[in-house]
Amino acid sequence: MADHHRAELVVDALDMAHGRSGLEPGCVIHSDRGEYTSAHFRDRISELELRQSSGRTGSCFDNAAAESFWALLKEEIGTRTWPDRATARAEVFNFIETFYNRRRLRKHKIFGYLTPAETRQRHQHASRHNDHVSKTTGKLQPESDPLRRASG
């Protein structure tokens with residue numbers, strides 16, 4: 001949260017997401033237009049080995065997930081004026097980290113009725129498991145199998 005809306009703010013947010021969440025190479029970063037298409041932002045996405053996706057001008061469907069988030073944020077904490085930026089930042093952080101990511105269920109069967117944090121944990125677990133699966137046989141590679149290593 002800053003007092004400007006320049007490209008470096010978006011790059012800083014991307015770096016924060018990458019550092020906190022461990023975005024994996026190939027992860028798709030979807031955004032609308034504006035500073036999200038700046039050379040600085042595109043260069044940082046490339047450096048982190050991520051993939052950029054950008055919505056079409058005038059299409060609300062490309063950003064449906066983001067728009068849903070903003071609507072819920074406004075509904076939950078309102079659009080009031082805070083006494084200072086630090087208070088606003090603390091309330092937004094609290095909403096995202098304690099409610100949105102950890103307690104809010106994604107109420108659709110395609111998401112498994114899980115919170116975003118649970119969805120991320122399952123994806124990371126599956127990714128770690130898939131790293132040890134043979135691309136040709138689809139079976140766990142012997143050197144990765146903890147039971148085989150313990151007995152071998």
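This is a predicted model: local features need pLDDT of at least 70, side-chain atom pairs count only at pLDDT 80 or more; totals for chains, interfaces and linings use all residues.
Local features were taken at pLDDT of at least 70 and side-chain atom pairs at pLDDT 80 or more, while totals for chains, interfaces and linings use all residues. Residues are numbered from 1 along each chain as its sequence is written, and side-chain values use heavy atoms, without hydrogens and water.

Helix H1 (residues 7-21) contains 15 residues; helices are DSSP runs of H or I with at least four residues, strands are runs of E with at least two, and both are numbered from the N terminus. From first to last C-alpha, H1 reaches 21 Å, close to the expected 21 Å at 1.5 Å a residue (1.5 Å times one less than the number of residues). Ala 7, Val 10, Val 11 and Leu 14 are its buried residues (under 20% relative accessible area; exposed, over 50%; partly exposed, in between; 1.4 Å probe, protein chains only). Viewed down the axis, these residues fall within an arc of 100° and so line one face of H1, the arc being that of the directions from the helix axis to the C-beta atoms. They pack against strand S1 (28-31) and helix H2 (39-47), with contact meaning heavy atoms within 4.5 Å. Met 16, Gly 19 and Arg 20 are exposed on the other side of H1.

Helices H3 (residues 64-77) and H4 (residues 85-100) pack at about 110°, with axes 11 Å apart. Axes are lines fitted to C-alpha atoms, for helices over the stretch in contact, and angles between N-to-C directions run from 0 to 180 degrees. The two helices H3 and H4 are therefore roughly perpendicular (65 to 115 degrees; under 35 is roughly parallel, over 145 roughly antiparallel, and the rest oblique). Phe 69, Leu 72, Leu 73, Glu 76 and Ile 77 of H3 meet Val 92, Phe 95, Ile 96, Phe 99 and Tyr 100 of H4.
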